[in-house]
Amino acid sequence: MLLEAFGSFLQLLYLAMLVLAVVALVFAVTAREDAYRAADKQKKSFWLIILGATVFVNLVIPILFLQIAGVIASIVFMVDVRPAIKTVTGGGGRRGGSSSDGPYGPYNGGR
């Protein structure tokens, strides 16, 4: 019973790693090539190869060491590269407001 539960947990973990890799790959494919250069990140082809290999490893070669390396690459893309690309392409940050607005609303200089 305990082994079945552990096996189920591992299957969910493998599925979560695959989903993360696929989502990161989709975001990498849909971003423009010039946005990578403008954000001063690696080329789009670099990220497509790394994330594509991650998806391949998760689907075909279930070796935990390679899957962990792929998860790290996916996390780096999602928390570092993707936000930088969104900022460059205008997809992130503010939605209107003035230049004196802070993260929690307008900044009025303590008035």
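At what angle do H1 and H3 pack, and how far apart are their axes? The model in which this is asked is a predicted one, in which local features need pLDDT of at least 70 and side-chain atom pairs count only at pLDDT 80 or more, while totals for chains, interfaces and linings use all residues. Residues are numbered from 1 along each chain as its sequence is written, and side-chain values use heavy atoms, with hydrogens and water left out.

Helix H1, residues 2–30, has 29 residues and reaches 42 Å from its first C-alpha to its last, close to the 42 Å expected at 1.5 Å a residue; helices here are DSSP runs of H or I with at least four residues, numbered from the N terminus.

As for the opening question, H1 and H3 pack at an angle of about 155°, with their axes 9 Å apart, the axes being lines fitted to C-alpha atoms over the stretch in contact and the angles running from 0 to 180 degrees between N-to-C directions. The two helices are therefore roughly antiparallel, a term for angles over 145 degrees.

Within helix H4 lies Gln 67, which is buried, with a relative accessible area of 2%. Leaving aside residues up to four places away in sequence, Gln 67 touches Tyr 14, Met 17, Val 57, Asn 58 and Pro 62, where contact means heavy atoms within 4.5 Å.

Technical notes: Expected span 1.5 Å × (residues − 1). Buried < 20%, exposed > 50% of the residue type's maximum accessible area, 1.4 Å probe, protein only. Parallel < 35°, antiparallel > 145°, perpendicular 65-115°, else oblique.
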